[in-house]
Amino acid sequence: MATSSSDIGSRRLDLAGTRDFHVAGAGRARREALSTFNRAWLAEVWRSATGGVRLEGVALAAVGSLGRGDAGPLSDYDLVLVHSERSLPAKELTALADRVWYPIWDAGVRLDHSVRTVTQCRQVAAGDLTAAVGMLDLAAVAGDAQLVAAARSTVAHDWRGNARKRLPSLVEALTARHARQGDLAQSIEPELKEAHGGLRDMTVLAALAEAWLADRPHGGVDAAHELLLDVRDAVHVVTGRGRDRLGREDHDAVAALLGYPDADDLLTAVSDAGRLIAYSLDGTVRRAGQSQRARTLRVGPRRPQMTPLGHGLFASDGEVVLGSSRLAETDDGMALRAGVVAARAGLPIAPATLENLAASVPDLPTPWPVAARDLLGDLLASGPGLVTVWEGLDQVGIVEHWLPEWAAVRSRPQRNAVHRHTVDRHLVETVVRAAGLVRRTSRPDLLLVGALLHDIGKVRGAHDHSVTGAETTRTIAVRWGFAPRDVEVLVTLVREHLTLIELATRRDHQDPATVDAAVEAVGGDREVFEILLALTEADASAAGPLAWTDWRATLLEQLAVAVRARLEQPQPHPGERAEDTVAEGPGVLDPAVAGAVRAGEPRVTVVSGGGSHRLDILDVDRVGLFADTAGLLAAEGHTVRTAILRTVEGVAVDEWHVESPSGAVPDPERIVRGLARLGRGDRGPLQTLDRRRAHLPRPSGSSGIGSPGQARALVVPGASTEATVLEVRAQDRPGLLHELGAALAGAGVSVRSAHIATYAGQTLDTFYLTGADGLPLPPARVAQAVSLIIDTCDGVGPS
């Protein structure tokens with residue numbers, strides 16, 4: 001043999017070298033050179049084993065990275081001695097195999113080997129899913145190349161013929177492997193091969209394409225694949241071992257070899273690559289499943305099943321799609337709407353729809369309109385479904401379009417042992433957990449935006465990420481159109497997001513100075529404290545089990561009790577934004593208008609703008625009018641955003657702000673007719689709402705991750721001397737206001753005034769209630785009203 005087997009390992013490392021690792025394209029050229037060397041050396045081993053004699057029906061073939069030609073400097077050899085049924089007697093075949101395997105072992109190369117006929121290759125592939133995927137890379141190294149081609153062709157033919165039947169098993173195997181190995185993008189010591197988003201997933205992508213079930217993405221995902229191969233090669237060179245894990249101790253050396261400024265930049269690039277591969281695989285698996293179902297169910301021409309979700313969006317084959325591309329071109333909030341609809345439905349947005357949204361949706365004005373900001377709140381409040389939807393939006397650049405500062409934290413590693421995610425993923429996970437805590441505060445929108453931005457300052461060069469993030473948050477909050485006071489609250493939340501947990505775990509709660517520090521952090525504002533407290537819990541629980549233990553939770557609650565005692569005072573009762581504040585008072589009506597309304601002529605005017613509609617409704621006040629109006633608006637397909645209901649001189653003066661998922665403008669004459677019919681006792685206008693509610697799942701009161709839990713109804717003491725004031729916090733749903741109003745009316749409780757707001761999918765309704773005598777409710781009736789409201793919100797009572 002021309003090359004000594006004893007120095008094969010060093011020769012492979014020499015070919016890899018340490019020069020030009022950072023040069024674009026050098027990795028591919030290096031792997032091509034390694035592949036050429038590996039094949040040449042194995043050909044020499046073959047010639048030595050066969051004595052230079054040409055053997056018919058016998059060949060040496062490679063699978064895995066060696067077969068694909070992308071093996072690393074110290075990758076294993078995965079070889080198959082393929083032979084025909086009558087090529088050689090069994091003893092001679094065994095002796096030949098030994099003459100091939102032993103020199104490779106003697107060279108110190110790790111070897112996975114087998115001896116198989118074409119039929120056996122087929123049988124193994126049929127019985128072992130992993131082997132089937134691997135054999136699609138079967139490539140001749142030496143000997144009878146036609147025999148290897150026949151084996152590969154047979155395996156590939158079987159794969160295509162049976163792939164639809166085997167797809168469920170393939171998906172199950174993927175899920176199990178990903179559960180064992182974790183997510184490459186979220187690991188500080190990523191497993192480059194087996195993790196979700198790793199090199200093994202690229203072979204699965206190719207296998208799905210080979211089965212003709214779905215085409216796989218190209219372009220960016222191929223570049224991501226090359227990057228992971230480069231990192232793996234560098235790990236081999238740095239460690240001198242054929243490892244596939246980028247260990248913490250090797251970060252700096254690998255980063256230097258690949259030309260990254262520091263290890264964090266290396267990990268960011270690795271995370272980006274892993275995320276793209278994982279996203280591509282997940283999407284391709286869905287395409288394959290859709291292809292499988294299409295072929296299984298097809299009887300004649302097949303039309304896609306489209307379930308309307310509102311706003312021109314549909315659920316189709318497990319994804320959310322846009323009904324018409326023109327909608328993306330005319331609605332600057334369509335990307336936000338699509339995100340809300342998809343996350344609430346627990347479905348990903350189809351890749352083609354994402355690309356369309358990214359390319360076509362007009363820019364939002366600066367500052368953002370209220371409707372866009374409300375949609376962002378709804379998206380952040382959507383719970384666990386947010387994670388997948390946000391990732392899709394991020395992959396096509398939509399998130400960065402909304403939030404340019406996102407780029408600086410995207411895939412940024414966190415070396416603190418308590419953290420289990422990159423900075424950006426941690427922010428999203430914190431939002432999901434904050435969504436389960438929204439009923440602890442009257443401003444869930446500020447809680448959720450604070451959760452999204454609390455670590456936005458973890459950027460390169462930041463000395464104190466809380467201070468850096470606070471200033472960044474100010475810029476973002478102004479751009480998003482928050483009122484000045486709300487901007488300051490968000491800045492406070494980000495600047496102080498570590499204050500409470502640090503005081504709770506490091507300071508003496510009995511020391512007045514500790515409580516003073518907490519009070520000072522929130523400027524003495526009770527509501528800001530409650531938001532910060534919820535953010536603290538969401539942040540810690542999202543970080544991981546080391547950051548949120550029973551002990552830490554107990555300490556935080558002890559501090560909260562002490563701070564609340566210091567801040568003891570009623571919470572703000574309306575729970576409104578600065579721009580929504582409406583004074584509670586008698587008001588003045590035009591006498592002519594009031595007379596017409598009292599004579600049985602309701603007045604409805606509609607003012608539309610920015611995708612929302614303001615309805616001013618005047619009608620004779622009566623028991624149940626509030627419920628009827630809310631029900632009628634819901635039946636007409638309108639979603640209530642905010643509303644103020646007052647009674648002036650016996651006339652109901654109601655201001656409703658609504659949004660229509662269908663895009664229809666409210667018809668004032670239709671609303672007038674509906675109110676008139678309802679006033680006469682005709683329930684016909686509500687039949688549409690009844691049918692819609694019949695198909696909705698009832699609330700479960702779950703307290704799992706992302707679930708707000710049971711509804712709350714809180715008495716607000718001292719808020720009014722003329723009525724009992726209740727604040728209601730619950731998950732919004734179509735017709736909920738109607739249900740609440742009807743329940744109260746049925747109990748003989750009058751809604752004298754109400755302030756209604758919907759923030760981030762949560763209702764924050766403050767009701768001023770009186771009895772039939774027009775006086776505040778006595779204690780027993782208050783308890784009855786609280787119980788009635790909670791049961792109605794949680795779906796326990798009658799709808």
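Predicted model: local features only at pLDDT ≥ 70, side-chain atom pairs only at ≥ 80, totals over all residues.
Among the elements that line the second largest pocket, α6 gives the most, with 6 residues. Of the 40 residues in its lining, G64, D78, T130, K193 and R200 are the closest to the centre of the pocket. Two or more residues each are supplied to the lining by α3 (64-68), β2 (77-83), β3 (111-117), α6 (129-135), α7 (145-181), α8 and α9. When the lining of the second largest pocket is divided by class, 15 residues are nonpolar, 11 are polar and 14 are charged.

If neighbours within four places in sequence are left aside, the residues in contact with L246 are I188, E189, P190, L192, V231, V235, H251, V254, L266 and L267.

D455 is placed in the loop between α19 (444-453) and α20 (465-479). Is D455 buried or exposed? With a relative accessibility of 2%, D455 counts as buried. Its side chain forms a polar contact of 3.4 Å with the side chain of H454. Beyond the residues up to four places away in sequence, D455 touches V409, Q414, V423, H426, L427, H465 and H497.

The peptide bond that joins T366 and P367 is cis, with omega at about 0 degrees, and P367 is located in the loop between α14 (351-360) and α15 (370-380). Positive phi values are found at W212, where the angle is about 65 degrees although the residue is not a glycine, and at E649, likewise not a glycine, where it is about 50 degrees. The loop that contains W212 runs between α8 (199-210) and α9, while E649 is in the loop between β10 (639-648) and β11 (651-659). W212 counts as exposed because its relative accessibility is 62%, and the cut-off for exposed is over 50%. E649, at 53% relative accessibility, counts as exposed by that rule.

As for the cysteines, how many disulfides does the count come to? The count comes to 0 disulfides, where a pair of cysteine sulfur atoms would have to be within 2.5 Å to qualify. C121, with a relative accessible area of 1%, is buried, and C793 is buried as well, its relative accessible area being 3%.

The table gathers the accessibility values of the individual residues discussed above.

| Residue | Relative accessibility | Class |
|---|---|---|
| C121 | 1% | buried |
| D455 | 2% | buried |
| C793 | 3% | buried |
| E649 | 53% | exposed |
| W212 | 62% | exposed |

Methods
Residues numbered from 1 in each chain as written. Heavy atoms only, no water. Helix = DSSP H or I, 4+ residues; strand = E, 2+ residues; numbered from the N terminus. Buried < 20%, exposed > 50% of the residue type's maximum accessible area, 1.4 Å probe, protein only. Polar contact = N/O pair within 3.5 Å; in protein donor to acceptor, adjacent residues only side chain to side chain. Contact = heavy atoms within 4.5 Å. 1 Å grid on protein atoms, 1.4 Å probe; cavity = no way out; pocket = protein on both sides within 12 Å on 5 of 7 lines; lining within 4 Å. Nonpolar A, V, L, I, M, F, W, Y, C, P; charged D, E, K, R; others polar.
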